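I opened this notebook to record what I looked up in the structure below. The entries begin with a loop residue and then turn to the fold and the ligand shell.

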Amino acid sequence: MKGNNIDESLISKARNSDIVNNGLLSVPQFVYCLAWNLHVGDFDKVVAGAIGPGLVDILLTLNPYEIYGIDINSPNKERLDEALAKWDVIDSDPDCLPHEDLIIKNHMSPESYSNILNETLRRDFSHRRECGYWRIDNIHRWSIERCIAFELKKIGVNPNTLRTSDNDYVTIEFDWAFPDEEMKRRKVYFVPSKIHDITDNKMFTDISCYYEKSSMDCTTPFDSRRLLAGLSDIINPNGIILIGRTENPDEDAEVEAMNSKVLEKSFKRIDFDYSYTIYMERTFRKPRYGWELYGFKKN
Ligand SMILES: C[S@@+](CC[C@H](N)C(=O)[O-])C[C@H]1O[C@@H](n2cnc3c(N)ncnc32)[C@H](O)[C@@H]1O
């Protein structure tokens with residue numbers, strides 16, 4: 001069931017990881033991220049477009065100390081602290097009422113209503129594992145803060161190491177160990193912005209890695225051309241851009257060809273082993289939008 005060149009040691013790492021055993025990622029997803037890391041190496045500082053609550057794939061793919069997460073929907077510190085305070089029940093207590101269900105609440109017994117909420121929570125939070133990304137309606141239903149807390153718990157963070165702050169941006173710090181490595185301090189800055197505005201932000205002038213996947217409409221040809229043209233100027237030599245597939249498979253080839261054209265002067269396409277894509281497709285069977293990456297390296 002595997003592609004030809006799958007590194008078996010990555011599969012055993014996946015099977016021994018909290019991330020898989022806690023149900024956040026499947027074995028193939030974990031292997032896919034680590035295979036990219038083996039190929040491109042570590043990056044201390046990563047700018048992640050349309051991050052939502054998605055941390056695990058960035059940590060496994062790039063092993064950064066710092067992540068600058070750009071999103072139009074950023075967490076609020078008070079709500080984040082409240083969510084983190086409910087650490088023990090963050091993945092089990094449906095204390096946040098899905099608003100579409102409020103309508104049916106008055107027509108049901110409390111027990112039936114509670115069953116619906118529990119089932120909605122289970123289904124929504126398992127979508128991240130089943131499709132490889134956070135769905136926008138699930139983020140909105142449970143709140144970005146709660147989804148971030150869920151993600152931190154499932155990657156195995158010790159809550160005693162967590163610190164939040166809100167200076168220029170809401171920030172979370174925590175200790176986390178990349179597979180088979182020592183614990184390291186990680187810091188995530190949540191920057192409320194449209195991804196297309198980042199090239200105007202003076203903070204982002206020294207980028208060694210830009211990462212963006214499952215970003216809804218952000219990679220349509222027009223948006224993508226504008227963003228990549230700007231990014232190509234602010235990425236360091238030897239820096240990389242990793243991009244996920246669009247939601248529309250018919251559009252993918254067009255977007256990819258166009259991205260290559262925009263970047264061709266100063267970047268080279270990264271030649272990633274297709275065995276891992278085959279492995280994912282044979283075992284995972286979900287649209288590539290949730291997980292597949294392609295990339296470019298600056299000359
Ligand atoms: C489907 S979610 C995926 C989140 C995350 N990338 C993942 O893989 O789980 C898409 C995210 O893109 C964000 N988004 C959509 N359009 C955006 C834009 N123009 N600029 C910044 N963020 C955007 C949404 O707020 C949402 O958090």
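This is a predicted model: local features need pLDDT of at least 70, side-chain atom pairs count only at pLDDT 80 or more; totals for chains, interfaces and linings use all residues.

**Entry 1. Asp 180.** I located Asp 180 in the loop between strand E4 (170-177) and strand E5 (183-192). Asp 180 has a positive phi of about 65 degrees, although it is not a glycine. I noted this because most residues other than glycine have a negative phi. I then checked its surroundings: Asp 180 has 9 C-beta neighbours inside 10 Å and therefore counts as exposed, the cut-off being 12 or fewer.

**Entry 2. Asn 238.** I found a positive phi at Asn 238 as well, of about 70 degrees, and this residue is not a glycine either. Asn 238 lies in strand E7, which covers residues 235-244. Its 10 C-beta neighbours inside 10 Å are the reason why Asn 238 counts as exposed.

**Entry 3. Overall fold.** I counted 12 helices and nine strands in the protein. The C-alpha trace spans about 65 × 45 × 40 Å along its principal axes. The radius of gyration is 19 Å, which agrees with the value near 19 Å for a compact globule of 299 residues. Buried residues account for 40% of the 299. Of the contacts between residues at least 6 apart in sequence, 72% join residues at least 24 apart.

**Entry 4. Ligand shell.** Which of the 20 residues around the ligand come nearest? I listed Ala 50, Gly 52, Gly 54, Tyr 133 and Ser 214. The shell divides into 11 nonpolar, five polar and four charged residues. Strand E2 (66-71) and helix H8 (136-142) each supply at least two residues of this shell.

Conventions:
Residues are numbered from 1 along each chain as its sequence is written. A residue is near a molecule or strand if its C-beta atom, placed from the backbone, lies within 6 Å of it. Helices (H or I, at least four residues) and strands (E, at least two) are DSSP runs, numbered from the N terminus. Ala, Val, Leu, Ile, Met, Phe, Trp, Tyr, Cys and Pro count as nonpolar, Asp, Glu, Lys and Arg as charged, and the others, Gly among them, as polar. The radius of gyration is taken over C-alpha atoms; the globule rule is 2.2 Å times the number of residues to the power 0.38. A residue is buried if 20 or more other C-beta atoms lie within 10 Å of its own, exposed if 12 or fewer, and partly exposed in between; C-beta atoms are placed from the backbone. Two residues are in contact if their C-beta atoms, placed from the backbone, lie within 7 Å.
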